[in-house]
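Reader: I would like to learn how to read a few features from a model. Please take them one at a time.

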Amino acid sequence: MSRASAISSAAVPLLPVLKQYFGFTSFRPLQEQIIRDALARKDVFALLPTGGGKSLCFQLPALVQTGLTVVVSPLIALMKDQVDALQASGIAATFLNSSLAAEESRSRLRGLHTGQYRLLYVAPERLMLSGFLADLRRWQVNLIAVDEAHCVSEWGHDFRPEYRQLAGLREHFPDVPMMALTATATERVRKDIIEHLKLREPGCYVASFNRPNLTYRVLNKAQGYEQIVDFIGRRPRESGIVYCFSRKSAESVAERLNSDGIKAKPYHAGLSGEERSRHQELFLRDNIRVICATIAFGMGINKPNVRFVIHYELPKNIEGYYQETGRAGRDGLPSECLLLFNPGDAVKQAMFIDEKPDPGEQQIARDQLKQILHYAETSVCRRKELLRYFGEEYETPDCGACDNCLSPRATFDGTIAAQKFLSCVYRIREKSGFGVGLNHVVEVLTGAETEKIRRWEHTQLSTYGIGREHSRPEWAALGRELIRLGLLHQTAEKFSVLELTAEGRAALRQRQVITLTKPAKTPEPKSHRAGEITCDETLFEQLRQLRKQLADERDVPAYIVFSDVALRQMARDYPSTEGDFARISGVGEKKLREFGVAFLAEIASYLGTNPRQIFADDSFTAAPAVRPRLNDTARATLQAFRAGESVDEIARRRGLVTSTIYGHLCTAIEAGERLDLNRFLSAAKQEQIAAAFARTGFANLTGARELLGDSFDFDLLRIYRAVKNAELAR
């Protein structure tokens with residue numbers, strides 16, 4: 001594709017295509033900028049949270065330019081899932097993997113040779129075969145998208161060696177733009193992805209990691225299984241995932257749930273591929289409510305209506321925990337994340353870490369374990385802790401959607417207990433000349449009789465047995481809190497030891513008052529939560545049944561027909577005409593033709609015997625818009641614009657198309673930067689645009705453009721809308 005055709009492609013109107021195929025009237029944060037960079041044939045790195053709309057970033061470009069978009073995907077189930085959804089929306093897509101019979105593979109290859117498809121999903125190991133690469137060169141590839149790109153990095157939590165082969169893609173396709181997408185990656189992993197895939201001056205887009213519709217809770221695991229049953233029993237129509245540390249645990253929990261009347265299946269690497277696929281399919285199609293899984297399950301699972309994720313045991317690290325909880329609420333509706341915490345789980349994991357042959361890997365794993373342990377025991381906002389791990393500061397003091405914010409932990413004067421603990425650390429060092437680990441300090445405080453205590457003569461310490469009023473787990477939790485408060489330091493070696501910090505010595509010497517937190521209680525949820533859509537619940541259930549029936553007839557998961565968001569909007573707005581139905585989120589042209597009649601008839605029938613409910617305007621609590629963060633390239637554009645350069649000048653100097661520069665400035669406005677609208681538009685033109693939007697609404701950029709004519713391009717309308725939206729939000 002020539003430079004001129006790339007510029008032409010980047011200027012195409014995207015919103016009509018978005019509505020026609022996907023049923024949406026506006027983009028999520030950063031999507032449009034990513035898509036326009038791809039159409040301008042730029043490499044892109046995109047880090048968007050689970051449910052943030054990564055797939056659309058490569059699916060929509062495939063529809064507005066000629067040729068084939070190749071999507072590298074790690075899992076067979078994920079490929080089928082996405083292709084089913086695309087085909088349901090009228091998009092020519094296919095996949096090639098080992099699940100297909102030989103004749104079916106040949107049929108799809110013939111279709112690829114004749115240009116029948118716009119998107120092809122393929123696994124990395126097949127993609128890099130020499131024969132397949134030769135085929136790709138004949139298929140006019142216009143974009144290569146590497147999904148779940150964190151699998152490239154050895155520093156990532158889900159490294160896959162076969163993804164390292166993708167380093168050769170640039171050599172084979174030097175002129176084809178590449179896009180790397182992931183939902184979880186630290187700064188180190190991001191750099192590794194960009195370097196390994198040889199992305200050239202990529203547009204880097206990093207969205208907020210915040211998932212406002214998720215509520216995070218940690219409960220002390222007392223009777224773990226009973227806690228799970230109670231949690232799920234209070235959500236009789238909802239489906240979810242229970243993550244377990246071992247295969248045995250996953251099997252056991254699934255078996256017990258079934259015996260208690262909750263349909264569940266296990267999922268782990270010990271099952272055959274056929275069994276795993278069957279269990280996953282049952283879950284995707286709502287034939288079972290719960291999947292009990294090890295971390296082998298879940299990457300890329302596209303089921304949007306997972307309403308809860310339970311961690312039955314402590315996860316290995318925060319990165320994995322974030323991705324696993326991110327499988328809840330992908331549709332933006334309120335969803336729950338529950339972690340059952342027992343300090344003994346950390347001991348179990350430490351034993352596995354000690355078995356790793358590589359000392360470097362051991363150290364990384366120990367550091368990660370300390371971080372997730374800190375998250376589980378912290379008394380501050382859990383959302384703030386999660387975001388801080390990924391380098392993002394959460395400014396709001398109360399997130400309103402974690403146990404510590406919903407029900408702040410009670411505090412107490414823990415001075416005496418803290419003095420005992422700090423003094424014990426000091427006395428052990430004084431007598432022995434060396435430090436010891438947390439568990440040994442706890443054993444001394446509680447008067448334990450161990451071989452080490454006898455050998456090191458710690459029974460003679462003045463602090464031996466002075467803490468029998470607390471149990472060992474209580475002392476261990478107290479010790480970890482003193483570490484978090486900075487009064488103790490825990491070294492990072494294999495045999496980590498506790499040392500008094502300068503602050504700890506001062507607290508011990510000056511007998512400072514030390515405030516500690518009590519164990520958490522189960523908080524009450526808020527009456528309205530981010531993403532909540534209040535609707536006629538009886539009608540919603542009937543529409544769910546209709547959706548299941550239509551999905552079963554087509555042999556696809558229910559959410560391929562419509563999401564829960566769409567059904568709840570139907571049960572709120574009671575659409576009665578095709579025009580009304582087309583305004584529901586997710587209703588594109590094909591779904592309107594295929595399903596409109598059935599759903600409109602169901603709603604009309606319901607209203608024949610039931611009154612229409614009225615919902616106050618404020619009963620819908622939308623998930624708050626997340627401000628995008630400026631990447632380096634957008635910030636450079638903003639600085640140049642503020643220095644007086646025009647959009648055209650910036651584009652020429654940086655070798656970019658003007659629509660990309662306008663995209664940078666829109667992102668800046670959405671991120672809270674103030675720009676003078678008069679630098680873009682005269683007062684007269686601003687009035688004309690205002691009149692057009694007054695007729696079409698801000699969401700309908702295409703309609704406004706049609707009213708105004710060719711003298712107003714989309715980029716200026718986007719700038720106008722961004723400025724006015726920002727003014728309204730202030």
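Reader: Is Cys405 buried or exposed?

Author: This is a predicted model, and the values are computed. Burial is read from relative accessible area, and under 20% counts as buried. Cys405 has a relative accessible area of 11%, so Cys405 is buried.

Reader: Which cysteine sulfur is nearest to that of Cys405, and how far away is it?

Author: The sulfur of Cys381 is the nearest, 3.7 Å away. A disulfide needs two cysteine sulfur atoms within 2.5 Å. Cys405 is in no disulfide.

Reader: How many disulfides does a search of the whole structure find?

Author: The search finds 0. Cys244 is likewise in no disulfide. For Cys244, the nearest cysteine sulfur belongs to Cys292 and lies 5.7 Å away. Cys244 counts as buried, because its relative accessibility is 5%.

Reader: Now the nonpolar core. Which residues of the largest nonpolar core touch the most other members?

Author: Start with the general idea. In soluble globular proteins, nonpolar side chains tend to be buried together. Here the largest nonpolar core holds 111 residues. Leu60, Leu127, Leu136 and Met179 touch the most other members. Helix α4, residues 56–64, gives the most to this core, with 7 residues.

Reader: What does Leu60 touch, not counting residues up to four places away in sequence?

Author: Leu60 touches Leu14, Val17, Leu18, Phe22, Phe27 and Ile35.

Reader: In which sense do β9 and β12 pair?

Author: For pairing, read the sense and the bridges. β9 and β12 (residues 306–311) pair in the parallel sense, over 5 bridges. Gly240 has Phe308 of β12 as its bridge partner. β9 also pairs with β11 (residues 290–293) in the parallel sense, over 4 bridges. There, Ile241 has Ile291 as its bridge partner.

Reader: Last, backbone angles. What is phi of Gln140 near, and where does Gln140 lie?

Author: Look for a positive phi in a residue other than glycine. Phi of Gln140 is near 50°, a positive value. Gln140 lies in the loop between α8 (130–138) and β5 (141–146).

Reader: And where is Asp555 found?

Author: Asp555 is found in the loop between α25 (537–554) and α26 (558–561). Phi of Asp555 is near 60°, again positive in a residue other than glycine.

Terms used. Residues are numbered from 1 along each chain as its sequence is written. This is a predicted model: local features need pLDDT of at least 70, side-chain atom pairs count only at pLDDT 80 or more; totals for chains, interfaces and linings use all residues. Side-chain values use heavy atoms; hydrogens and water are left out. Buried means under 20% relative accessible area, exposed over 50%, partly exposed in between (1.4 Å probe, protein chains only). A nonpolar core is a set of buried Ala, Val, Leu, Ile, Met, Phe, Trp, Tyr and Cys residues joined through side-chain atoms within 4.5 Å. Helices (H or I, at least four residues) and strands (E, at least two) are DSSP runs, numbered from the N terminus. Contact means heavy atoms within 4.5 Å. Two strands pair if DSSP finds at least two bridges between them.
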